[in-house]
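Hello,

Here is the structure you will be working with. Please open it beside this email and follow along.

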Amino acid sequence: MAVHSLVASATNYVAEGRRVADLREEDLAGWYRDAAWQLQMEADAERRPLRDYACTLLCAVIDGKAAAYAQLGDGAIVAGCGDDIVPVFWPQQGEYANTTFFITAPEHLERVQVRTGAEVPERVALMSDGLQNLALHLVERRAHPGFFSPLFRDLLRQPEGEAEALREPLRDFLDSPRINARTDDDKSLLLAVREVPAPTQDAAEAAPAAEDEAAA
């Protein structure tokens with residue numbers, strides 16, 4: 001429900017003809033407040049305590065010109081080009097071990113991490129906290145290329161529109177004994193790639209001419 005609310009906010013923003021480059025910190029913070037309100041209304045309708053809907057929430061909004069990210073809680077967003085993949089934020093931890101921040105706590109909404117106007121990545125992944133110990137080097141605060149590179153490579157090899165074929169193999173990998181031996185938490189993972197076309201011969205020949213013209 002929180003994800004659907006966030007996607008609706010982003011969709012409406014783009015439908016209004018606005019650009020990702022124009023996103024402001026207060027826009028993304030407002031999307032998070034709207035998602036929290038949706039959870040509150042659901043809890044009230046079901047007569048359940050709001051804490052039953054506690055969740056973290058990660059967000060990446062990207063078009064051809066810019067990227068924007070937001071995160072509340074643990075888990076991670078990593079992004080970059082080629083094998084140069086870096087965490088956008090570091091997983092948030094609470095005051096005590098194994099605690100974090102949830103969208104359902106009003107005081108936690110002030111802790112949403114936001115980055116706008118970022119460079120457009122060729123690779124991006126969002127994951128829940130069950131994978132962060134496998135995918136991130138916690139001491140050096142960097143991403144493990146060995147974890148991400150094969151996943152992105154497989155995704156790039158899929159014909160356009162057929163990425164769904166990787167869903168079951170990915171599920172099997174995340175539920176394998178090798179992975180389960182290292183984590184007993186939830187293992188949600190979203191992967192996206194953007195294949196940048198190589199420059200055409202005409203474009204390559206035009207580039208030096210354009211540089212000469214600018215210098216003149």
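**Cysteines**

The structure holds zero disulfides. Keep in mind that this is a predicted model. A disulfide is a covalent bond between the sulfur atoms of two cysteines. Cysteine 59 takes part in none. Its nearest cysteine sulfur belongs to cysteine 55, and that is 13 Å away. Cysteine 81 is in no disulfide either. For cysteine 81, the nearest cysteine sulfur is that of cysteine 59, at 19 Å.

Is cysteine 59 buried or exposed? Cysteine 59 has a relative accessible area of 6%, so it is buried. Cysteine 81 comes out at 31%, so it counts as partly exposed.

Average pLDDT over the chain is 88. Of the residues, 90% score at least 70. Which elements have the lowest and the highest mean pLDDT? Helix H7 (residues 201-215) has the lowest, at 45. Strand S2 has the highest, at 97. Look also at residues 206-216, where the pLDDT is below 50. Beyond near neighbours in sequence, that stretch makes zero contacts in the model.

**A three-stranded sheet**

Now find the open sheet of three strands. Its order is S1-S2-S5, and the pairing is antiparallel. Strands S1 (57-62) and S5 (113-118) are the edge strands. Each of the two pairs on one side only. From one strand to the next, the twist averages 5 degrees.

Strands of a sheet pair through backbone hydrogen bonds, either parallel or antiparallel. Strand S2 (residues 67-72) pairs with S5 over four bridges, in the antiparallel sense. Which residue of S5 stands opposite alanine 67? Alanine 118 does.

**The cores**

In soluble globular proteins, nonpolar side chains tend to be buried together. Here the largest nonpolar core has 26 residues. Those with the most contacts inside this core are Leu23, Trp31, Tyr32, Leu57, Cys59, Leu72 and Ile103. At least two residues of the core come from each of helix H1 (2-15), helix H2 (25-46), S1 and S2. Which element gives the most to this core? H2 does, with seven residues.

Leucine 72 is then in contact with residues including Tyr32, Leu57, Phe101, Phe102, Ile103, Leu109 and Val112. Its contacts also include Thr56, Gln92, His108 and Arg111.

Another core lies apart from the largest one. This other core has 18 residues, among them Ala125, Leu134, Ala143 and Leu151.

**Strand S6**

Strand S3 (residues 76-81) is joined to S6 by five bridges, and the two run antiparallel. In this pairing, valine 78 stands opposite alanine 125. Strand S9 (residues 189-193) is also joined to S6 by five bridges, again antiparallel. The bridge partner of alanine 125 in S9 is leucine 191.

**Arginines and a methionine**

Two arginines deserve a look. Arginine 47 has a phi near 55 degrees, a positive value in a residue other than glycine. Arginine 47 sits in the loop between H2 and S1. Its relative accessible area is 79%, so it is exposed.

Arginine 141 also has a phi near 55 degrees, again positive in a residue other than glycine. Arginine 141 is in the loop between strand S7 (136-137) and strand S8 (142-143). Its relative accessible area is 53%, so it is exposed.

Finally, go to methionine 41 in helix H2. Its relative accessibility is 37%, so methionine 41 counts as partly exposed. How many Å separate the C-alpha atoms of methionine 41 and glutamate 119? The separation is 36 Å, and the two residues are 78 apart along the chain.

Best wishes

Technical notes: Residues are numbered from 1 along each chain as its sequence is written. This is a predicted model: local features need pLDDT of at least 70, side-chain atom pairs count only at pLDDT 80 or more; totals for chains, interfaces and linings use all residues. Side-chain values use heavy atoms; hydrogens and water are left out. Two strands pair if DSSP finds at least two bridges between them. Axes are lines fitted to C-alpha atoms, for helices over the stretch in contact, and angles run from 0 to 180 degrees between N-to-C directions. A nonpolar core is a set of buried Ala, Val, Leu, Ile, Met, Phe, Trp, Tyr and Cys residues joined through side-chain atoms within 4.5 Å. Buried means under 20% relative accessible area, exposed over 50%, partly exposed in between (1.4 Å probe, protein chains only). Contact means heavy atoms within 4.5 Å. pLDDT is the predictor's confidence in each residue, from 0 to 100. A disulfide is a pair of cysteine sulfur atoms within 2.5 Å. Lists of a residue's contacts leave out its neighbours within four places in sequence.
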